[in-house]
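Try each one before you read its solution.

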Number of protein chains: 2
Amino acid sequence: MTELEQYITSYFGVSQEDLSIIASLFIEQELKKGEYFTKIDDYCNKLSFIRTGYMRVYAYKEEKEVTQWISSQGYFVTDLQSLVFDLPSRWNIEALTDCELYTISKENYRKISQKVAKWEHLEKLFLAKCFLTLEDRVFSFLSMTAEERYDHLYDQNKELFNIIPLQNLASMLGMTPETLSRIRKKKLG
Amino acid sequence: MTELEQYITSYFGVSQEDLSIIASLFIEQELKKGEYFTKIDDYCNKLSFIRTGYMRVYAYKEEKEVTQWISSQGYFVTDLQSLVFDLPSRWNIEALTDCELYTISKENYRKISQKVAKWEHLEKLFLAKCFLTLEDRVFSFLSMTAEERYDHLYDQNKELFNIIPLQNLASMLGMTPETLSRIRKKKLG
DNA sequence: TTCATTTCTTGATCTATGTCAAGTGAACCC
DNA sequence: GGGTTCACTTGACATAGATCAAGAAATGAA
């Protein structure tokens, strides 16, 4: 079983046969540090698994970059509005490190459901999980302090703080870089 | 076309034939003010359209209620984790006013896909829209002040502020009742 | 390497928002 | 319909977190 097939299995749990069909529609692709996966107002006609590397999803609020999410190994990355509704991208998605991707074009992505009967169902379950994750994230902003949000992310994913510029993590956590720096200093003392 | 059928059409755009099939699986139901649609840790085995009325989705952070969302006429309401993954509810969902609902049981909900071929696909599109909405909401916490979030909600849905207890709206906007009160006072002067 | 640029930290302040407490008004229930 | 409860407002004060500015550290290019 290839690495890609392992990812697909872990997310979707399909038969070996379907797995091969799906995996065959992906191609390996590289993205160098600093390159863009998609840009706001472009059409993002692809969906990728991240095999290695880190990508940053961000947009602007009055000239200032706001980081919505950091995507990393084992995650999907795409602009959903573009992929599903054929509309322009809402996000800039930038490679923060060199990235190895498994990429499927929008056309091939849409063919999966013709080839794998259960696909639409599995995809629905996957999207439902994504929705629940975002619900939790909204709840965290309603109920947690900046420090609590930091603790939560740090508990889940310590490595991020060694790899990703802290200013991006601060933005994604809804605080300034200075505040994040002070919170982290406090944890040492 | 019944009111229910109009809702379904507006969300999913199915044929008249499929529409009838789907609509026939819903039953009319009432919920009195103060009653609960579901409670945390219960199993929520149903999905409803709200025909009239308002419902509040909330959970707790250390004994304190945190309102995640207010659902109203024309919206779906359910606990997604319970409906899709057969797990206990994450939310309390309470009727803030008397409510008229169109309700489908989990069993019948799952039968739709057997009767309407395109259903899983339409549902996937619907969930994708829900995901995009939540993405926007996360972005609003990353990029907007309390007052900007108030303005945004007020622009979209003025009526809420005459019907829903302001403390619930404050919580849903991520601020205290006092702060909401002061923001609203400022808007008058 | 070395210089230039960017990122991170730190201190001094400022401000939006939270907390606490009291008073007012509205809603609900015998 | 009058009293009790709950929701809302307002003021005084506290504080988390933002802003601004400067210096230190890391990163990248030549």
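Before we start, one definition: two residues count as being in contact if their C-beta atoms, placed from the backbone, lie within 7 Å. Keep in mind too that this is a predicted model.

**Exercise 1.** Work out how chain A and chain B are related, and through which surface the copies meet.

**Exercise 2.** Find out what chain A brings to its contact with chain B.

*Solution.* First, the head count: 27 residues from chain A and 27 residues from chain B take part. Now look for the elements on chain A's side. At least two residues each come from β4 (54-61), β5 (64-72), α3 (80-85) and α5 (119-143) of chain A. The largest share belongs to α5(A), with 18 residues. Last, sort chain A's side by class, and you get 15 nonpolar, six polar and six charged residues.

**Exercise 3.** Describe the protein surface near DNA strand D.

*Solution.* There are 16 residues around DNA strand D, and the closest are A:Thr145, A:Ala146, A:Thr179, B:Leu166 and B:Ser181. Two or more residues each come from α6 (146-156) and α9 (177-188) of chain A, and from α8 (166-173) and α9 (177-188) of chain B. With six residues, α9(B) gives the most. By class, this surface near DNA strand D holds five nonpolar, five polar and six charged residues.

**Exercise 4.** Now do it for DNA strand C: which residues come nearest?

*Solution.* Out of 16 residues around DNA strand C, the nearest are A:Gln167, A:Ser181, B:Thr145, B:Ala146 and B:Thr179. For the elements, α8 (166-172) and α9 of chain A, plus α6 (146-156) and α9 of chain B, supply at least two residues each. Here α9(A) gives the most, with six residues.

**Exercise 5.** Pick out the residues that touch the most other members of the largest nonpolar core, then follow B:Met55.

*Solution.* The core has 83 residues, and the ones to pick are A:Met55, A:Leu173, A:Leu180, B:Met55, B:Leu173 and B:Leu180. Leaving out residues up to four places away in sequence, B:Met55 touches several others, including B:Phe37, B:Ile50, B:Val77, B:Ile93 and B:Leu96.

Terms used: Residues are numbered from 1 along each chain as its sequence is written. Chains are lettered from A and ligands numbered from 1 in the order in which they are written. This is a predicted model: local features need pLDDT of at least 70, side-chain atom pairs count only at pLDDT 80 or more; totals for chains, interfaces and linings use all residues. Copies are superposed by least squares on the C-alpha atoms of residues with pLDDT of at least 70 in both. Helices (H or I, at least four residues) and strands (E, at least two) are DSSP runs, numbered from the N terminus. Ala, Val, Leu, Ile, Met, Phe, Trp, Tyr, Cys and Pro count as nonpolar, Asp, Glu, Lys and Arg as charged, and the others, Gly among them, as polar. A residue is near a molecule or strand if its C-beta atom, placed from the backbone, lies within 6 Å of it. A nonpolar core is a set of buried Ala, Val, Leu, Ile, Met, Phe, Trp, Tyr and Cys residues joined through C-beta atoms within 7 Å. A residue is buried if 20 or more other C-beta atoms lie within 10 Å of its own, exposed if 12 or fewer, and partly exposed in between; C-beta atoms are placed from the backbone.
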